[in-house]
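This report describes a protein structure for a reader who is new to the subject. Please look at the sequence and the model before reading on.

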Amino acid sequence: MKILYSCALLTALMTLSSGCSRNAGKSFELSRYYRLWPKPVPVLNYQVPGHGIVRIIYANETSYKAEIIKDKNGNDRIIMQEGTIIVNESYDSIRDINDKIPDIAIMVKDSSDNKSQNGWVYYLKKGRETKRIYGRMCIGCHEAANEKHPYFDRNEKEIFRDYVFVPVGR
Amino acid sequence: MGTINPDEKIKLSERISFRIVFLLLIILSIGSSSIIIYYLISHNSFTINSRKNALNEESEIIYKSLKQNMLADEAQTAAELFRDLAKDADLNTIMLYRSDGIAAFSDNSTLNRVNSNLLSSKFMTKDVFSDKKNINSNDFKTAVDTIDNILLEKSEGSEKKIIIYKPLINQPGCSKCHGFDHLVRGVIVISSSVNDLYEKMKENLIVSLISLGIILFTLSITVIVLLYKSVTTRIKKITTALQELIKENYFSKIDIEKPDEVGKLGGLVNELTHNLRERKDSVKSISCPVIDNNKDIKKPAGGEKKTMTVFFSEIRGLKGILEKKDPDEVMRIVNSLINLHADIIKEYSGDIDVVSANMIMGIFGGSSMVIDALKAAEKIRTKIKELYPDADRPVYIGIGINTGEMISGNIVLGDNLRKTVISSPVDLAARLCSIAGKNTVILSEFSFEYVACCIEAVKQSPVLYNSGKESVDIYTFRRTI
């Protein structure tokens, strides 16, 4: 009887732990070949809050398969595909490109993650360490991507851009 | 299994009623208290969470309002809006700080910086500033460092609060004026006192526990009274009846009251008492010394001639008393008087034969048969006088005693063996009984000659017997010497 109870308890614990780990805190490893991905915009040489003065942006193939749908008012909505990965390298100056290891900000589209923010999971990679970002550090600014903003095409029509400033999904 | 001394008083902790009530109280107290406390805590928690959500929403509204006005180049309006919101807040305290912890609107540094970023003097500096204090808490710094909302409960002295720290992000629209080198513009801090919730919870807890206490007290009293009336008292009656049974008092009767389990037990005890009484009555006629002397036990239906003393006692004066009693009570009285005779006759080694409900015959044998019969008569008379001293409605006896040769034998009636005597001396004894006065013992000369030296008696006029063919001297017995 004791063995039975122990087995039942162990099974329950394993189920619980597997359930808990299913969607939250999945580890992420940025492909080492991300620099082979297309760049949606040229090198950016101006500072924006939260990033460096010089930035290079890479986006994987999935990023370019954004879906454009109409909302109930007939306005366009850009929906990025699940699996979209956008990488933002930050440098202090142009001279640091290819010379220094940049700080990397990463956006990954994963709505199945129960702690994703509007379907996005944000990471910061400094050196070898990749840290997931919770809180409003990234989303606090990226909310503004769906409104008029001063970057790229400025989104004058305030189209829902799925929290992405870079006009990947045109 | 241990033995219980029936005379020992039952300890309070051993009493069934105490244990039932105690158990009920414990279970109900623990159960109800747990439910009350759980409910109040979860309700309070729910209310506090609701207030937290409200605070969150309020901060979000303020944030969006500020943002909308700022982005529309209405910084002045945004500032006034915030001041109005902070001033009009009834229950909450709303504050705005720069990311370095300095209270907003307390100097011109932001205005100067904006003008510098815009390369203009678009915003006029002020002379009048807010007098709010700066903030230097760890929670504030954490909110700025993590760029995340922090919502927590805090105690400051006797005051309990919910506080939200909501960082304002330097969004793209803001950065053109405020600069690009920082992420956090400022922090909205809203605090709300929740003392009222805890006070209310405390109040509810006290009221609930007092109410519970009253309910438990009332329940306890009710259960105790119910148990006492329905069970304890009735069991006591059964216990008393059984104790009487042990003392060979077969006349006690238990009032059943209700046909429940206890009533059934009482009924069974009544039946047992009745059966024991009948059984005792059926063997009353046999007394051990006479049987031992007789040896008739080997020839149950046999008889022999021997000199014996016979004693007749008539109980008189019952009619008036018995008419007013119920049948059970009547039989109880009759039985008690018959048993009185039986016990005393047996005490003096006699046999008893009940002739009728008010006539008892005693048979005495052996060398001291006459004195035994007289002692028995004397004791019976004394007991009757003690029981019925009422001069107006007395119960009294008349006793007649005679000695002579008589046929003594056993009458076998089914499984019962009864000793009896027959002959003319028996008839004389019955005759003497009939003429005996109130509480008077008459003995014949035949008996007197056996005990003349040992008793005090008064000679009376002779009486005729045997259809008037013979006469006999009689004596009124006073007492044994």
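How many salt bridges does the rule find across the interface of chain A and chain B? The rule, which asks for a side-chain nitrogen of Lys or Arg within 4 Å of a carboxyl oxygen of Asp or Glu, finds 1 salt bridge there. The model is predicted, so local features need pLDDT of at least 70 and side-chain atom pairs count only at pLDDT 80 or more, while totals for chains, interfaces and linings use all residues. Residues are numbered from 1 along each chain as its sequence is written, chains are lettered from A and ligands numbered from 1 in the order in which they are written, and side-chain values use heavy atoms, with hydrogens and water left out.

**The interface**

In general, side chains of opposite charge can pair when their charged atoms come close. Between chain A and chain B there are also 4 residue pairs in polar contact, both residues being at pLDDT 80 or more. A polar contact is a pair of N or O atoms within 3.5 Å; within protein, one must be able to donate a hydrogen and the other to accept it, and residues adjacent in sequence count only if both atoms are side-chain atoms.

Chain A brings 16 residues to the contact and chain B brings 18 residues, where contact means heavy atoms within 4.5 Å. The two chains bury about 1,300 Å² between them, and carbon and sulfur atoms give 60% of this area. Buried area is the accessible area (1.4 Å probe) that two parts lose on being put together, summed over both. Of the area that chain A buries against chain B, 43% is supplied by A:Pro49, A:Arg136 and A:Met137, more than any other three residues.

**The two chains**

Helices (H or I, at least four residues) and strands (E, at least two) are DSSP runs, numbered from the N terminus. Chain A has 2 helices and 8 strands, in the order α-β-β-β-β-β-β-β-β-α along the sequence. Chain B has 13 helices and 12 strands. Of the 170 residues of chain A, 44% count as buried; in chain B, buried residues make up 39% of the 481 residues. Here buried means under 20% relative accessible area, exposed over 50%, and partly exposed in between (1.4 Å probe, protein chains only).

**Salt bridges within the chains**

Over all chains, the count comes to 26 salt bridges.

| Pair | Closest N and O atoms |
|---|---|
| A:Arg136 and A:Glu143 | 3.3 Å |
| B:Lys52 and B:Glu153 | 4.0 Å |
| B:Lys166 and B:Glu60 | 2.7 Å |

In the pair of chain A, A:Arg136 is buried, with a relative accessible area of 11%, whereas A:Glu143 is partly exposed at 21%.

The salt bridge of B:Lys52 with B:Glu153 links distant parts of the chain: B:Lys52 is in helix α1 (residues 16-71) of chain B and B:Glu153 in strand β2 (residues 150-156), 101 residues apart. B:Lys52 is buried, with a relative accessible area of 17%, and B:Glu153 is partly exposed, with 37%.

Which residue does B:Lys166 pair with in a salt bridge? Its partner is B:Glu60. B:Lys166 lies in strand β3 (residues 159-169) of chain B and B:Glu60 in helix α1, so the pair ties together parts that are 106 residues apart in sequence. B:Lys166 counts as buried at 1% relative accessibility, whereas B:Glu60 is partly exposed at 24%. Together with B:Lys64, these two residues are linked in a network of salt bridges.
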